[in-house]
Amino acid sequence: MACTLDGHRAEIAALLVPAIAALGCETLPVEAADLPGRVAAAQLPALLPIPAFTNSQMDGYAARSAELSGASKEHPVVLPLGFTAAAGDRQIELLPGTVSPVMTGAVIPAGADTVVPVEATSDGVFGQLVRAGEGGPTGSATFTAPSEPGRFIRPVGQDLQAGALVAEAGARLTPTLIGALAASGVREVAVRRKLRVLVCTTGNELMGGTSQAGRIPDSNSPMLAAALRGYGAQVDTLRLPDDAQALGLALEAQARQVDLILTVGGISAGAYEVVREALAPRGGSFHHVALQPGGPQGFAQLDGTPVLCFPGNPVSALLSLELFLAPALRQLAALPEPVPEPYELATEVHSPAGKHQVRRALLEQGKVRVLDPGSHLVYDLARADALVHIPVGVEQLAAGTTIDVWRMNV
């Protein structure tokens with residue numbers, strides 16, 4: 001009797017739990033090219049407040065609001081200039097009865113509680129500017145309106161206080177979150193180590209190039225490696241001929257170097273099923289899942305490393321990854337699960353009654369057109385927008401039936 005889809009999912013999930021739990025973490029600089037998309041291994045508190053100091057939102061004049069309270073067009077207030085505060089300068093003091101030219105991002109001078117944009121003054125432009133240590137300031141600025149306390153001032157910690165949590169453990173590090181970490185003074189981040197995966201394809205038909213009759217290109221290695229990297233894994237590939245003894249020894253050696261092995265092909269009920277021949281004596285389990293495509297499935301453990309055995313047809317291999325491995329990879333990478341969306345079938349669909357069928361589909365003008373079920377149709381797989389699940393026991397769905405579809409991200 002064939003295993004159910006959910007039953008095999010549970011078997012694979014249980015196999016993967018110890019390997020994922022043992023991953024550990026590594027530390028990366030906040031500027032590391034490899035940091036985006038990684039997952040925080042611990043809570044990340046702010047080392048600095050954001051903003052780190054009280055600063056000006058505008059190019060203008062730092063002033064005491066009380067000294068501008070009576071300003072109007074009829075009764076302008078003219079105040080002499082103090083030293084200029086530029087971005088990056090140390091804080092200066094605003095003397096009573098003066099205003100200090102201040103640039104965007106500069107520390108607000110001590111004693112100031114408001115900023116008047118330069119364009120809101122009578123002149124509309126700065127006169128001669130003098131920073132501390134460059135001589136004595138001259139000139140004045142004319143104000144024709146009051147400016148309330150706090151105007152155009154960004155208080156220290158307005159966005160985030162020092163010690164507040166920037167990211168929880170398990171958070172996916174997006175570009176904006178990395179920016180917040182850097183702004184809060186975080187220089188290094190502990191992240192989960194990437195899952196190291198070996199993709200091993202088998203088959204004499206894959207060896208020796210593509211010009212000889214009976215030989216085909218290996219599409220599974222680059223396709224599965226790309227899908228795994230999209231989920232944040234570190235991937236190597238290995239291509240081996242149909243030699244069960246050599247395969248078994250090679251996988252035993254590789255198991256000590258990686259966290260997970262995927263084999264592709266060689267697990268059906270026919271002759272020359274090299275993966276089954278190599279792993280069954282080593283405790284591997286092989287059975288048929290009530291699934292189309294992707295019915296033949298298997299798994300094993302070599303030196304504590306899980307081995308997932310997928311069928312060799314490209315569509316079957318990719319859908320096996322999506323159905324059985326991707327849920328764990330998404331959880332590890334803090335990625336959301338795909339959300340089903342309702343669509344109407346554009347045409348009638350048929351499915352074997354005793355199998356859970358997974359069909360590729362195209363989304364067209366609010367309807368879904370289901371593609372051919374063939375497990376060898378790599379181009380059909382590439383052009384598909386979505387997957388449609390037809391459960392066991394459903395043999396026919398009429399055109400116009402509303403069904404759930406899952407958008408493909410591969």
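Biologist: At what angle do the axes of helix 1 and helix 6 cross?

Modeller: Helix 1 (residues 5-21) and helix 6 (residues 314-332) have axes that cross at roughly 40° and come within 9 Å. That makes helix 1 oblique to helix 6. Angles under 35 degrees count as roughly parallel, over 145 as roughly antiparallel, 65 to 115 as roughly perpendicular, and the rest as oblique. Axes are lines fitted to C-alpha atoms, for helices over the stretch in contact, and angles run from 0 to 180 degrees between N-to-C directions.

Biologist: What kind of model is this?

Modeller: This is a predicted model, where local features need pLDDT of at least 70, side-chain atom pairs count only at pLDDT 80 or more, and totals for chains, interfaces and linings use all residues. Residues are numbered from 1 along each chain as its sequence is written, and side-chain values use heavy atoms, leaving out hydrogens and water. Helices (H or I, at least four residues) and strands (E, at least two) are DSSP runs, numbered from the N terminus.

Biologist: Which strands does helix 1 lie across?

Modeller: Strand 14 (260-264), strand 15, strand 17 (296-302) and strand 18 (305-310). Helix 1 runs at about 20° to strand 17.

Biologist: In what order do the strands of that 6-strand sheet come?

Modeller: The order is 13-12-14-18-17-15, in an open sheet with mixed pairing. Two strands pair if DSSP finds at least two bridges between them. Strand 13 (234-240) and strand 15 (285-288) are the edges; each has a single partner strand, so one side of each lacks a neighbour in the sheet.

Biologist: How many bridges join strand 12 and strand 13?

Modeller: 7 bridges, in the parallel sense, with strand 12 spanning residues 196-202. Thr202 stands opposite Leu240 in strand 13.

Biologist: New topic. How many aromatic pairs are there?

Modeller: The whole structure holds 2. In one of them, the rings of Tyr61 and Phe126 have centres 5.3 Å apart and planes at 65°, so the pair is edge-to-face. Rings of Phe, Tyr and Trp (its six-membered ring) pair if their centres lie within 6.5 Å; planes under 30 degrees apart are stacked, over 60 edge-to-face, the rest tilted.

Biologist: Where does Tyr61 lie?

Modeller: Tyr61 is in strand 4 (residues 60-63).

Definitions and conventions: Contact means heavy atoms within 4.5 Å.
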